[in-house]
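Let's walk through this fold together, one question at a time. Have the model open beside you and follow along.

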Amino acid sequence: MTQDTALAILKTGANVFLTGEPGAGKTYVINKYINWLEAAGLSVAVTASTGIAATHIGGLTIHSWSGVGTRDTLSRYDLDQIATKEKLVKRIKRTQVLVIDEVSMIDGKMLDMVDVICRTIRQSQEAFGGMQVVCVGDFFQLPPIARQGEMMRYAFESRAWENIRPLVCYITEQFRQDDELLLSLLGSIRKGEIEEDHYTLLREQVDIAYEDIEPTRLYTHNADVDAVNSAKLAELRGAAKSFKMSARGNKIYQESLIRTCLSPSILSLKEDAMVMCTKNNFEAGYVNGTLARVVAFDSYEGYPIIETSDKRRITIEPVSWEVAEDGKILASIEQLPLRLAWAITVHKSQGMSLDAAEVDLSKSFVYGQGYVALSRVRSLAGLKVLGINLNALMVDPKIIAQDVRFMDESDAAEETFKALEGVELETMHKRFVKAGGGKLPTETDLAIEKTLTQRTKKDSTYEETKRLLKTMESLEEIAKSRSFTVSTILSHIETLAEKREISAIDLQLLINNFPEWQKAKKEIKKAISRHGTEKLKPLYEATEEKYDYMLIRLVRVINSLE
């Protein structure tokens, strides 16, 4: 099935299981659908099975969203307690579409509990209380983790799955790998047709043709990852520079973000350190999984400058990871989107596309670990195998059998929808949107919604800084109240000034905090007239280094507003 067909089926409001091999574009399709729903005015809840997956899509874990938390059973008392939480009840009642990403890692028992909670709160015997349920994932990926002594059940083995009767949309396009030999290997793993030749092929993967970028090592255990990264950093000369994560908002959500963020709370770096980007930033030129080397530190802010495999140099500045609901940020953390990249666990690599990887599968211990590790790279040219055991390429026979059924169901769904006329399909889309109280979006609406979605988080944080400018007397005070750096607050001010959303009067309290403001302003403005505003260092030197960069930036903003 193509991405377009899957998207058309989603828009009918039917419950859907969106699946496909790694690199097929599942995330792309679901993001387009979420954008369409928001443009149509429908309420969508975006959740994921784990905190790591949730940070990838900017949503909540399904455990947090549903209120089930860490429970492994659900009694009548538990249901009554959950139903008394006003905020949670409102959230579930207003949700019209529930998206659950990385569903392969959700135990069937958990899915059943979420179903019961939704039906109870929405007072409906329909599955999940009648909302559209969209499950996204690939069951060949890592399986659920069962509690000790309990038997694991896949999500598709649950009563909830049976009740939603999802249409299967099995995307067969491939956008990550373009290596036929690698695709053939991954296909053989999915079919359970592994032979000795496949192990021989992998054992022969002993070289990666990357001259300047050291491949990331994937291990199955955290201890191996920590040992490699610590040892490699210690080998480099010079003192390490440390960058501390800041956080704000709801404490519980903060802790969840910190625990699951791929960037550490304290990031220690040195020149020549191997790093990996942990977030997508297409404008800056990096994505989650981009490998690079630290080549310097910015002389102004001290931020690392990285060099990628194609010789591009990028200054990495702090970014935020957020938990948001209905456009409102509930909690956020801010850190450099980097982590040491000599090594990473297979578990944390899920969802990434790596330029090059060295894979140690000698200690593989669960189904899917080998498949996840091998599917991270785009071609065999970027893969080196450090070790492999006989279990590494094994997948659950139950999944192989179920996958055949999924493909058959997807083919049947595709044939059914192909038989529909374009007008019939659009009528189904209109009916679904109208039933939810929305309006079928036009292409213009979608473009606007996409822009608004991208800006919402930025705008909300800028608005908070703008508000504090009227009540607080120093940049340090504002930064402390928001758990951000002074530099970040200055960046907010510069952006607000550029958009003409503040005036010089709004900065009066900050100005009053500098006793020699008039003298400093006069000298810095004189330097600006000679050297311009593009670079700060010439201004710093022209004023004989009497004023720090923070003050120079503030004068530069004032100058632009006058």
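Q: In this predicted model, what is the strand order of the open sheet of six strands?
A: Pairing in this open sheet is parallel. The edges are formed by strand 3 (60-61) and strand 6 (167-171), each of which pairs on one side only. Reading across the six strands, the order is 3-2-4-5-1-6.

Q: Which residue is the bridge partner of Phe17 in strand 6?
A: Strand 1 (residues 16-20) and strand 6 run parallel and are joined by five bridges. In strand 6, the residue that partners Phe17 is Val168.

Q: How far apart are the C-alpha atoms of Phe406 and Phe17?
A: Phe406 belongs to helix 15, and with a relative accessible area of 4% it is buried. Along the chain, Phe406 and Phe17 are 389 residues apart.

Q: Is Asp408 buried, exposed or partly exposed?
A: Asp408 also has its place in helix 15 (residues 397-418). Together with Glu409, Asp411 and Glu415, Asp408 forms a negative surface patch. Its relative accessible area is 47%. Buried means under 20% and exposed over 50%, so Asp408 is partly exposed.

Q: Which residue stands opposite Ala296 in strand 13?
A: Strand 12 (residues 291-297) also pairs with strand 11 (residues 274-277), antiparallel and through three bridges; there, Val275 has Ala292 as its bridge partner. Strand 12 and strand 13 (residues 304-308) are antiparallel as well, with five bridges. In strand 13, the residue opposite Ala296 is Ile305.

Q: Which residue takes a positive phi in the hairpin of strand 12 and strand 13?
A: This hairpin has six residues between the strands. The residue with a positive phi, near 85°, is Gly302.

Q: How many residues apart are Asp138 and Arg190, which meet in a salt bridge?
A: The search of the whole structure finds 15 salt bridges, and one of them joins the side chains of Asp138 and Arg190 at 2.9 Å, N to O. Asp138 sits in the loop between strand 5 (132-136) and helix 8 (159-164), while Arg190 is in helix 9 (residues 180-191). Both Asp138 and Arg190 are buried. The pair links distant parts of the chain, and the separation is 52 residues.

Q: Which residue forms a salt bridge with Arg556?
A: At 18% relative accessibility, Arg556 counts as buried. Arg556 is in helix 23 (residues 549-561), and its partner, 62 residues apart, is in helix 19 (residues 486-498). With the closest N and O atoms 3.1 Å apart, that partner is Glu494.

Q: How far apart in space are Leu79 and Val68, C-alpha to C-alpha?
A: Leu79 is found in helix 5 (residues 76-82) and is buried, at 8% relative accessible area. Leu79 and Val68 are 11 residues apart in sequence. Their C-alpha to C-alpha distance is 9.0 Å.

Key:
Residues are numbered from 1 along each chain as its sequence is written. This is a predicted model: local features need pLDDT of at least 70, side-chain atom pairs count only at pLDDT 80 or more; totals for chains, interfaces and linings use all residues. Side-chain values use heavy atoms; hydrogens and water are left out. Patches are made of residues with over 30% relative accessible area and no salt bridge: like charges are joined within 9 Å, nonpolar side chains (Val, Leu, Ile, Met, Phe, Trp, Tyr) within 5 Å. Accessible areas come from the Shrake-Rupley method with a 1.4 Å probe; for residues, only the protein chains shown count as cover. A salt bridge is a side-chain nitrogen of Lys or Arg within 4 Å of a carboxyl oxygen of Asp or Glu. Lys and Arg count as positive and Asp and Glu as negative; His and the chain ends are not counted. The place of a charge is taken as NZ of Lys, CZ of Arg, CG of Asp or CD of Glu. Helices (H or I, at least four residues) and strands (E, at least two) are DSSP runs, numbered from the N terminus. Buried means under 20% relative accessible area, exposed over 50%, partly exposed in between (1.4 Å probe, protein chains only). Two strands pair if DSSP finds at least two bridges between them.
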